[in-house]
Amino acid sequence: VRFRSDNIARTRFGAASPNGAQWYQMMSLLNRTWTDDDGQEFSVSTEEVYSAQGGSNAVSNDDIVAALEDDHPILWCNYYHAMVLTAVDYLPDSPQANIVRGWVLDPSLPNGAVHQLEQRDMTVRQRGGDLDLIAIVSVE
């Protein structure tokens with residue numbers, strides 16, 4: 001699916017906008033049918049969500065690893081912008097995976113470049129980091 005990320009902002013604000021959205025607004029915007037750049041419709045639904053603002057802790061490290069292995073996109077948001085998690089390095093510790101590095105597709109960079117996350121972007125806000133929202137996404 002080829003889809004410009006600013007289409008989501010256009011749906012919310014009528015134009016690409018630097019204004020942020022609350023977590024529930026982002027979920028409401030995502031969970032719908034969209035039309036890709038080639039004119040094909042696809043449906044998006046969020047399956048599991050971690051939200052610092054909403055108090056939801058439904059995503060574990062094991063969920064993240066399993067979603068990536070199953071080719072599910074993962075919306076990864078710090079408090080100032082949204083990215084898509086594309087890969088992680090992890091140690092299969094007990095009782096769950098220990099994620100040590102992650103890479104994101106970042107639409108705020110030229111050509112949506114992929115880059116490694118800084119530690120603060122992998123640490124949830126409740127523990128002093130910038131990570132605000134994780135949503136495991138299903139696309140059909």
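Modeller: The lining of the second largest pocket takes at least two residues from each of helix 3 (61-69), strand 6 (98-105) and strand 8 (131-139). Helices and strands here are DSSP runs numbered from the N terminus (helices H or I, at least four residues; strands E, at least two). This is a predicted model, where local features need pLDDT of at least 70 and side-chain atom pairs 80 or more, while totals for chains, interfaces and linings use all residues. Residues are numbered from 1 along each chain as its sequence is written, and side-chain values use heavy atoms, without hydrogens or water.

The second largest pocket holds about 460 Å³ of space. Its lining counts 18 residues, and V59, N61, M122, V124 and R127 are the closest to its centre. A pocket is an open set of points on a 1 Å grid over the protein atoms alone, with protein on both sides within 12 Å along at least five of seven lines; lining residues have an atom within 4 Å of a point. The volume is the space filled by probe spheres set on those points.

By class, nine nonpolar, eight polar and one charged residues make up this lining.

As for the setting, the protein has three helices and eight strands, and from the N terminus they run α-α-β-β-β-α-β-β-β-β-β. Of its 140 residues, 35% count as buried, that is, under 20% relative accessible area with a 1.4 Å probe and protein chains only.

Key: 1 Å grid on protein atoms, 1.4 Å probe; cavity = no way out; pocket = protein on both sides within 12 Å on 5 of 7 lines; lining within 4 Å. Nonpolar A, V, L, I, M, F, W, Y, C, P; charged D, E, K, R; others polar. Buried < 20%, exposed > 50% of the residue type's maximum accessible area, 1.4 Å probe, protein only.
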